[in-house]
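Please read the following report alongside the sequence and the model.

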Amino acid sequence: MTNLNLDKASEIKNLALVDFSSLYLDLNSSPQGLSLEQWQLNYQKYGKNILAIERREWLIIRFLRLFFSPLSILLIVLSLASYLTGESRGAVLIALMVFLSATLTFVQEYKSNNAAQKLKALVSTKVLVCRAGVEIEVDLDQIVPGDVVRLTVGDLIPADVRIISSKDLFVNQASLTGESLPTEKSHICLDKNASSSFDWSNLAYMGSHVVSGMGDALVLKTGGSSFFGEIARQTTAQVKQSSFDEGITQFTWLMIRIMMFMIPAVFLINGLIKGSWLEAALFAIAVGVGLAPEMLPMLVTVNLAKGAISLSKKKVIVKRLNAVQNLGAMNILCTDKTGTLTQNEIILEKHIDVNGNDSAQVLEYAYLNSHYQTGLKNLMDVAILKHVDIHERLHGNDSYQKIDEIPFDFERRRLSVVLRKNNEKNILICKGAVEEIFTCCRSAQIGDDQIVLTLEHRKDLERVVADLNNDGFRVIAVAIRQEQSLDKAYSPADEVDLILIGYVAFLDPPKESAKQAIAALRGCGVEVKILTGDNELITRKICHEVGLPINQVVLGSDIEAMNDEELAIKAISAQIYAKMSPQQKARVIRVLQMQGHVVGYLGDGINDGPGLKTADVSISVDSAVDIAKESADIILLEKSLMVLYEGAVEGRRVFGNIMKYIKMSASSNFGNMFSMLGASASLPFLPMAPVQILLNNMLYDLSQTAVPTDSVDPEYLQSPREWNVSGLARYIFCMGPISSIFDYLTFALLWFILRANSVEMSPLFQTGWFVESLLSQTLVVYIIRTGKIPFKDSWPSLPLVLTTLFICAVGIVLPYTVLGQQFQMSPLPSNYWYAIAFLLPCYLLLTQLVKMWFVKKWGIV
């Protein structure tokens, strides 16, 4: 037992040992479940069955929390320092920038969270529950203590429950115990002195799921009162950061470290050279603020939210915002073939004996198996049960009584039902994967005769199945054993000495869009790999029809014989992995990740749970089993590879717009470092008034708020996009110094031509650099936003154009206004504007040329 006190252990022991009559009495329930009236009373008493892992904070608390990031704290400290040194205007501007950034971030997070919750509401997990003796499906959050629930393969355990009845019920408790092997659960308490809460065989806990078998259970505790809820309260949930999250954090701390270097350096240089330590302190504070990327959190949130909303219009629901970028970074997509490459509409085409001849008897036995089994009915069961005429024919003259059932699991890959026909004899009907059924059979039926299966016979049988697989059929074998009527509990050990009677063959035709989608994914740098439990032949057939290249096929049995190093070599070259178990799928994904790949996994079945939990971006569909939907980052309302292609492109678009701001702010700040240090060391006055630096920074940040609306070049979207720290560093070192060159040219213009070379003329110098700095770093967005020639080959969005031009207009007009005088500005002469009209185009042209050289040499960052 983990981190539980004695009181909790005693409570669990009591729940395991107390008789059911007491439990029903305490919960006002019965074996038929709650009445509707009692459910309402219990719902009012216990509330929704939800885990409050993400605590619901008051909005004001969430807003105030934004002021406690490292960047915000540093800026607030600088604002206080500015105020204490007498520069109230500077203090107000710094505080205003922090408040503006926090407010915009809060508003966008609030809107995106609300949108995400609305989207999540479209996907709900259902639970089969018995109320007033009637079985109904309800949402997971509507489960209350006292409910009687039915558990089958693939179901999440909806709450902490006591098993009422069970049949070969195995539960995976890995999320609670870390133990990957399933645990058998039973209505019988096998050990009345269990040492661990998880050892009580008649209790199952929220957070686990059914891997095989079935059962009924009484709900004891829900939501935060459950065992899982107790653990959640004791433990701080830690979400693994993606490479993008780590990159953003690294960039933010890089800017903070640069600030921590620049502030004392500028302070000391100006204080020592100019002698005014107060003025030097104010200037150093302003420089530090100018280097801060205070709008980055807001722009990241806006971009991710915009991407999630855009994807929702394409029938893609994003459960976690950061998954948008992960989708754009994905370069390998692992997926099952059923429903992605195929139409997911199984059609029963053939029912044949072991020689390949039509056989009505085979269909009849297959129908009985599908009809009487109570586990999760797959698409093949649904296809068989569409033959309602069989039901009428079988039950017209004969009667069948279900005696027992041996549920499906992924080790045996078969399912058996035991029926008593006309109260005379028991018939065990086994249906499942061909290879697994073969191992249970000692003979085969041909016409009215039975033959003992020799090695030669098995080869003939395998040829019949192979021919069907080569034609694209999915083949299920059917076998039986008749015996005298016995009242006993059946188990997998009884699946022996069976008689193979034939096969049912299904077609799941390839989707018409699959070929186009695979070509599109490969064209944008995403390699598709098929991980399927199906056999090699039929998988090859389908992949060939949809144009998926088949260089190599790896079987699950091959993987078992390989170590990770050997599997790593195979993992890259192989496109098809067949006959795979759930754990083998997860292992392939891990090996691909170890080689630096960003792996997505699309799955909707019980056997996809481990793969979904392992992948960098886990994707499922709204029709998936509970465990798959709960594990997924992204839910598709349409199970199509084309939708994933569109999602990958959207993720890259989001990443591209975030990188635009980072590249612009980082290269601009790097250039400003040289300009500030040089000007501080050489001028007898400050190159720009502290309050002007703050105003410049605020106006520039406002001009960048429209970046999320910008378009992204198609070429940028053609390959996966990950955080590239070395590439970003190269970009900054190449582009940053260009702005410094033109800053120094502007210094020369102001000093030598306009004669702003004395303390008395310093307002003209400061105003001139303020305007040039604002115009150059605002307009350079048109160059940096694209790898092409701006306006000729790539147009920015209209909101970005309007925002940047408006800020430029403000910068041009400001020196001639009363407000400008409040910021220590003076009007600029006409010859200044003539020079700027020449310098700015030269700056933009040189930046464009260097950018083209950079892209040609290193590619787009």
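Helices (H or I, at least four residues) and strands (E, at least two) are DSSP runs, numbered from the N terminus. The model is a predicted one, in which local features need pLDDT of at least 70 and side-chain atom pairs count only at pLDDT 80 or more, while totals for chains, interfaces and linings use all residues. Residues are numbered from 1 along each chain as its sequence is written, and side-chain values use heavy atoms, with hydrogens and water left out.

**The chain as a whole**

The chain has 32 helices and 23 strands, and its C-alpha trace spans about 115 × 60 × 45 Å along the principal axes. Of its 861 residues, 55% count as buried, where buried means under 20% relative accessible area, exposed over 50%, and partly exposed in between (1.4 Å probe, protein chains only). Contact means heavy atoms within 4.5 Å, and among the contacts in the chain with a separation of 6 or more, 73% come from residues 24 or more positions apart.

The accessible surface of the chain comes to about 36600 Å², and carbon and sulfur atoms hold 58% of this area; such areas come from the Shrake-Rupley method with a 1.4 Å probe. The chain carries 77 positive and 86 negative charges, whose mean positions are 6 Å apart. In this count Lys and Arg are positive and Asp and Glu negative, with His and the chain ends not counted, and each charge is placed at NZ of Lys, CZ of Arg, CG of Asp or CD of Glu.

**Helix H18**

In helix H18, which covers residues 514-523, the buried residues are Ala514, Ala517, Ile518, Ala520 and Leu521. They lie on the same side of H18, because they cover an arc of only 160 degrees around the axis, the arc being that of the directions from the helix axis to the C-beta atoms. The face turned away from this buried side carries the exposed residues Lys515 and Gln516. The cover over the buried residues of H18 includes strand E9 (332-335), strand E18 (527-531) and helix H25 (641-682). H18 is followed by Gly525, which has a positive phi, near 85 degrees.

Gly223 and Pro158 are 65 residues apart in sequence, and their C-alpha atoms are 9.2 Å apart in space.

**Cysteines**

A disulfide is a covalent bond between the sulfur atoms of two cysteines. Here it is counted as a pair of cysteine sulfur atoms within 2.5 Å, and the structure holds 0 disulfides.
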